[in-house]
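Open the model in your viewer and keep the selection tool ready. The stops below say what to pick and what to look for.

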Amino acid sequence: LTRQLADELPDGLELTKALRLVKARLQQLLPMPSPPGGMVERGGVYALVGPTGVGKTTTVAKVAAQCALRFGVDQLALVTTDSYRIGAVDQLRIYGRILNVPVLSIRDQADLRSTLADLRARRLVLIDTIGMSQRDRGLADQIALLSGAGQPVQRVLLLSAVAQPGAMEEVVRAYRADPMLGCILTKVDEAPSLGPALDVLLRYRLTLHYVTNGQRVPEDLHSPNPLYLVERALRSAAAVPRPPDGD
């Protein structure tokens, strides 16, 4: 990516102008939803997938709250496939009670088919899935479950901005075996640099639908701002302090 950006620059540019062109080009390259607008505006059935700890359940609640505010609670339903972790269903049901939205738990493909058939009239159905490591053998089963739902289920990958670059790339490679709608970048507020995350998005052409930067529901869910993301990535890299002489 660095070579590509450098090759596109005219010769003889001063640093300030060259950096401005690089920032503009990075903003153009970042895959954004087309047409603009989040999952709430488009509607449909979405499964939020990704490793444990990336914030799937909280993000489901944030998207759900935005839908409830925009279109009303009768246009929304929450589904969970996570019946294994202690308290996982309870956490989503707490959000469901706050929003006054039904939360349905499913165990297998037939269960998912019948549940989604019953929810066809809802504008937005969000599926909270089991968090799985990119090396978990059960990942293929999860993909098969969602693929056999009887109607299109669009998968959205959650990536943590604080993950190590190598781990982030492993996650994308594992989860992109089946076509994905794109991704949501979480924990942006905790990341010392957004460079590794943007690098993965650019190289794998992952459409970025939302970013999250905290635990508040729904305030800490945002449509991506390419200018902000690029500035954060480059500023944080430039702001790394130099060690004292002799260290």
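Select Arg123 and Phe71: Arg123 lies over the face of the Phe71 ring, 3.8 Å from the ring centre. The rule asks for NZ of Lys or CZ of Arg within 6 Å of the ring centre and within 35 degrees of the ring normal.

A word on what you are viewing. This is a predicted model, in which local features need pLDDT of at least 70, side-chain atom pairs count only at pLDDT 80 or more, and totals for chains, interfaces and linings use all residues. Residues are numbered from 1 along each chain as its sequence is written, and side-chain values use heavy atoms, with hydrogens and water left out.

Now show the sheet. Eight strands form an open sheet with mixed pairing, in the order S3-S2-S4-S1-S5-S6-S7-S8. Strand S3 (103-105) and strand S8 (221-222) are at the edges with a single partner strand each, so one side of each has no neighbour in the sheet. Strands are DSSP runs of E, at least two residues, and helices are runs of H or I, at least four, numbered from the N terminus. Two strands pair if DSSP finds at least two bridges between them.

Select strand S2, residues 76-80. Is it buried or exposed? Five of its five residues are buried. Buried means under 20% relative accessible area, exposed over 50%, and partly exposed in between, with a 1.4 Å probe and protein chains only. Leu76, Leu78 and Thr80 point one way from S2, while Ala77 and Val79 point the other way.

Stay on Thr80. In S4 its bridge partner is Asp128; in S3 its bridge partner is Ser105. S2 and strand S4 (residues 124-128) run parallel over five bridges, and S2 and S3 run parallel over three bridges.

Move to strand S6, residues 182-186. Three bridges join S6 to strand S7 (residues 208-212), and the two run parallel. Ile184 stands opposite Tyr210 in S7.

Next, select helix H8, residues 165-175. Helix H8 packs on the sheet, touching strand S1 (44-49) and strand S5 (154-160). Contact means heavy atoms within 4.5 Å. The direction of H8 makes about 170° with that of S5. Axes are lines fitted to C-alpha atoms, for helices over the stretch in contact, and angles run from 0 to 180 degrees between N-to-C directions.

Last, pick two cysteines. Cys67 counts as buried because its relative accessibility is 0%. Cys183 is also at 0%, so it counts as buried. How many disulfides are there? The count is zero, with a disulfide taken as a pair of cysteine sulfur atoms within 2.5 Å.
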